[in-house]
Amino acid sequence: MPRIVVDVMPKPEILDPQGKAIAGALPRIGLTGFAGVRQGKRFELTVDGDVTEEVLEQARHAAATLLSNPVIEDVTRVEVLEEGAS
Amino acid sequence: MSTSNIETPLIGGPQPVASNNEDSPLNGVKVGVVTFPGSLDDRDAVRAVRLAGGSAVHLWHGDHNLQDVDAVIIPGGFSYGDYLRAGAISRFAPLMEQITAAASGGEDALPVLGICNGFQVLTEAHLLPGSMIKNNHLHFICRDQRLRVENAGTSWTSDYAEGEEIVIPLKNQDGQFVADNYTLDVLEGEGRVVFRYVDGNPNGSRRDIAGISNAAGNVVGLMPHPEHAVEAGFGPDSSARGTVDVRGGTDGLGIFTSVLKKLVG
C-alpha cells in the first residue's frame, strides 16, 4: 500500500536537548566528524487505495495540526513514498 | 499506633474526604477535574478542591458533558502516555472541545487551571501561548520549588498578594517553557506571567516563567503542583510563608481557595 511520509523537525532556534545529548555521545564511541545533531520525527501514513490530491491534502492538514506543534516544530516534508523506497 | 478520631482515611478515594468547611458557601461551588488515560494527579486535585472547601466533580475526557461545573482543573500526569508530544492528543478529546469553548468567553468565561501536563494540554489547545519542551538538563526533576506570584489578579491567584512567594512541589521532564520573543514580550507587558521561578531556574524556561494566563485571566497554567501542597503532613518540608513542620507546607491551597471565592463572590 502506498505511504505518505511526514517529517517534523524542531525549529532551528529551539534548543534540541535530545539532539544535544546524542551529539555528546558520538565522540564517546569514537565518531568525531560531526558538529551537531538535531533529532526530528518521521511519520508514515499508509493509504488504502490511491494517493489522490485530497488524501495528500489530508496528510498536510494532519501534519500541520496534530503531527507538529508550530510553536516548536517545522513540517519539513509531506511526500508520497515511491514503491520499494524506504 | 493511630489515635486519630478522624472518621475518614487521610489517603484514599475521593468520596471520604471531608471538607474543612461544611457550612461554607464555597461548598456550592463545583470544580470539575478531568481524567485522561494516563492522568496521575486527578485524585490529588479533587482532594485539593475539597480541602479548600469546594465540591469536586470527576469529569471523563471522552464525555461531551461538563456537568454544569463552575470551573475546571486539568491535572498532571502523562495523558496518552505523552505520545507524539505532551498534551498533543488530549487536546482533541471530546471534553476539551467543550472546555475550550467555555473558557474562551472573556471575563465571565469558565475558569480553567492546567497543572503540569494540564499546562501542556492548554498550550496544545491554544488556550495558552507557547509550548513545553524537554528540560534543558534532560533529567526528570522532582523537588520543592520556590515561586513568586507575579499576578494576583487572575481567577486562580487572588488569595495571594502580588510578589508573594510560595513553595510547592515540581516534578516533570518536559517543563521548559518556550515561546518566541514577541509572545514573551506580550505576556510580560500584559501581566500574564503569573508565576516565576525563584532561587534558580529548574529547567531552562524562558525568562524563568513557571506559569502564565490568558488575556482574560480565567485560564492559568503552571508547571509545579499546588495540589501537592494543600494539607499539613502531606506537603513540602518548607514554606515561603513561615516555618512549617516536616511535610507541613500548604502554600498551594491559595490556588484553590482563590477560584472558589471568586465564583462565590
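**A helix and an interface**

Modeller: This is a predicted model, and a helix can be read by asking which side of it is open: on α4(B), the face turned away from the buried side carries the exposed residues N181(B), Y182(B) and G189(B).

Biologist: Which residues of helix α4 of chain B are buried?

Modeller: The general idea is that an α-helix has 3.6 residues a turn, so residues three or four places apart point the same way. In helix α4 of chain B, which spans residues 181-189, the buried residues are T183(B), L184(B) and L187(B). Seen down the axis of α4(B), these buried residues fall within an arc of 100°, so they line one face of the helix.

Biologist: What covers the buried residues of α4(B)?

Modeller: The cover includes three strands of chain B, namely β8 (176-178), β9 (193-197) and β10 (209-213). After the helix comes G191(B), whose phi is positive, near 70°.

Biologist: How much area do chain A and chain B bury between them?

Modeller: Together they bury about 1,200 Å², with 68% of it on carbon and sulfur atoms. On the side of chain A, the residues that lose the most area to chain B are P17(A), L66(A) and N69(A), which together account for 36% of what that side buries. The contact draws 15 residues from chain A and 16 residues from chain B.

Biologist: How many salt bridges does the rule find across the interface of chain A and chain B?

Modeller: The rule asks for a side-chain nitrogen within 4 Å of a carboxyl oxygen, and across this interface it finds one salt bridge. R85(B) and E73(A) meet through their side chains in a salt bridge, at 3.7 Å from N to O.

Terms used
Residues are numbered from 1 along each chain as its sequence is written. Chains are lettered from A and ligands numbered from 1 in the order in which they are written. This is a predicted model: local features need pLDDT of at least 70, side-chain atom pairs count only at pLDDT 80 or more; totals for chains, interfaces and linings use all residues. Side-chain values use heavy atoms; hydrogens and water are left out. Contact means heavy atoms within 4.5 Å. Buried area is the accessible area (1.4 Å probe) that two parts lose on being put together, summed over both. Buried means under 20% relative accessible area, exposed over 50%, partly exposed in between (1.4 Å probe, protein chains only). Helices (H or I, at least four residues) and strands (E, at least two) are DSSP runs, numbered from the N terminus. The arc is that of the directions from the helix axis to the C-beta atoms.
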